[in-house]
Amino acid sequence: MNQLYRALHMPPQRLLKKLTGHKEIYTIAVRPAPVAEGCDLLPALGAGAFVPLPETPGVWYADPLLFHHASGRWLFCEAFDSAAGRGSIAAASMDDNGAVTGMQVVLQEDFHLSFPTVFDWNGEIWMIPEASETNALILSRCVEFPGKWEQAARFPVGRPLCDAIVME
């Protein structure tokens with residue numbers, strides 16, 4: 001049902017491409033935020049060049065989330081493995097110039113994961129990845145940052161949930 005909903009709400013040209021077998025491939029591009037006095041607070045409106053993440057053969061990246069940790073700034077994202085046909089969650093450190101290094105898979109399941117919502121709550125780091133095919137909301141706790149996570153709770157909802165976020 002979720003796929004039908006998405007198909008009915010996408011632009012006709014995109015739907016036609018999907019129906020004719022065109023494979024969509026995404027990427028993430030980064031650039032440093034402007035820091036000079038008077039710079040626009042929205043770096044997307046600046047004039048600097050975007051730099052795509054380094055390519056990994058057979059993998060594309062989507063759904064980026066920046067997370068600040070004591071060890072620095074981190075980029076969490078979906079890493080879609082084309083051969084497996086499903087995504088996992090990856091993370092990499094990011095320096096002040098926007099360079100991303102050490103991309104690694106940090107959470108992988110036998111079902112598709114995407115859209116990692118990573119947050120700090122009560123001194124612990126948590127993640128809610130999209131796992132819509134499970135018909136549940138899955139909450140994971142970070143055991144060792146950034147690469148070791150354990151499932152803390154699974155909330156069955158009886159239907160697919162997409163792109164959950166946490167609001168305080």
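User: What is the order of the strands in the open sheet, and how are they paired?
Analyst: In this predicted model, the open sheet has four strands in the order S7-S8-S9-S10, and their pairing is antiparallel. Neighbouring strands in the sheet are turned by 25 degrees against each other on average, direction ignored.

User: What makes S7 and S10 edge strands?
Analyst: Strand S7 (114-121) and strand S10 (148-156) each pair on one side only.

User: How do you know that S9 and S10 are paired?
Analyst: Pairing requires at least two bridges between two strands. Strand S9 (residues 136-144) is joined to S10 by eight bridges, so the two count as paired, and they run antiparallel. Leu137, for example, has Phe155 in S10 as its bridge partner.

User: What joins S5 to S6?
Analyst: Five bridges join strand S5 (residues 86-94) to strand S6 (residues 100-107), and the two run antiparallel. Ile89 is placed opposite Leu107 in S6. The hairpin of S5 and S6 has five residues between the strands, and Gly98 there takes a positive phi near 90 degrees.

User: Why is Ser132 called buried?
Analyst: The cut-off for buried is under 20% relative accessible area. Ser132 has 14% relative accessibility, so it counts as buried. Ser132 lies in the loop between strand S8 (124-130) and S9, and its side chain makes a polar contact of 3.3 Å with that of Glu130.

User: Are Cys77 and Cys142 buried or exposed?
Analyst: Cys77 has a relative accessible area of 0%, so it is buried. Cys142, with 13%, is therefore buried as well.

User: How many disulfides does the structure have?
Analyst: A search of the whole structure finds zero disulfides. A disulfide would need a pair of cysteine sulfur atoms within 2.5 Å.

User: Which residues of the largest nonpolar core touch the most other members?
Analyst: This core has 17 residues, and those touching the most other members are Phe76, Ile89, Val118, Ile125, Met127, Phe145 and Trp149. Strand S4 (72-81), S5, S6, S8 and S9 are the elements that give two or more residues to this core. A second, separate core has eleven residues, including Ile28, Leu53, Cys77 and Ala90.

User: Which residues is Val118 in contact with, leaving aside its neighbours within four places in sequence?
Analyst: Val118 is in contact with Leu65, Phe67, Phe76, Ile125, Trp126, Met127 and Trp149, once those neighbours are left aside.

How values were computed. Residues are numbered from 1 along each chain as its sequence is written. This is a predicted model: local features need pLDDT of at least 70, side-chain atom pairs count only at pLDDT 80 or more; totals for chains, interfaces and linings use all residues. Side-chain values use heavy atoms; hydrogens and water are left out. Axes are lines fitted to C-alpha atoms, for helices over the stretch in contact, and angles run from 0 to 180 degrees between N-to-C directions. Buried means under 20% relative accessible area, exposed over 50%, partly exposed in between (1.4 Å probe, protein chains only). A polar contact is a pair of N or O atoms within 3.5 Å; within protein, one must be able to donate a hydrogen and the other to accept it, and residues adjacent in sequence count only if both atoms are side-chain atoms. A nonpolar core is a set of buried Ala, Val, Leu, Ile, Met, Phe, Trp, Tyr and Cys residues joined through side-chain atoms within 4.5 Å. Contact means heavy atoms within 4.5 Å.
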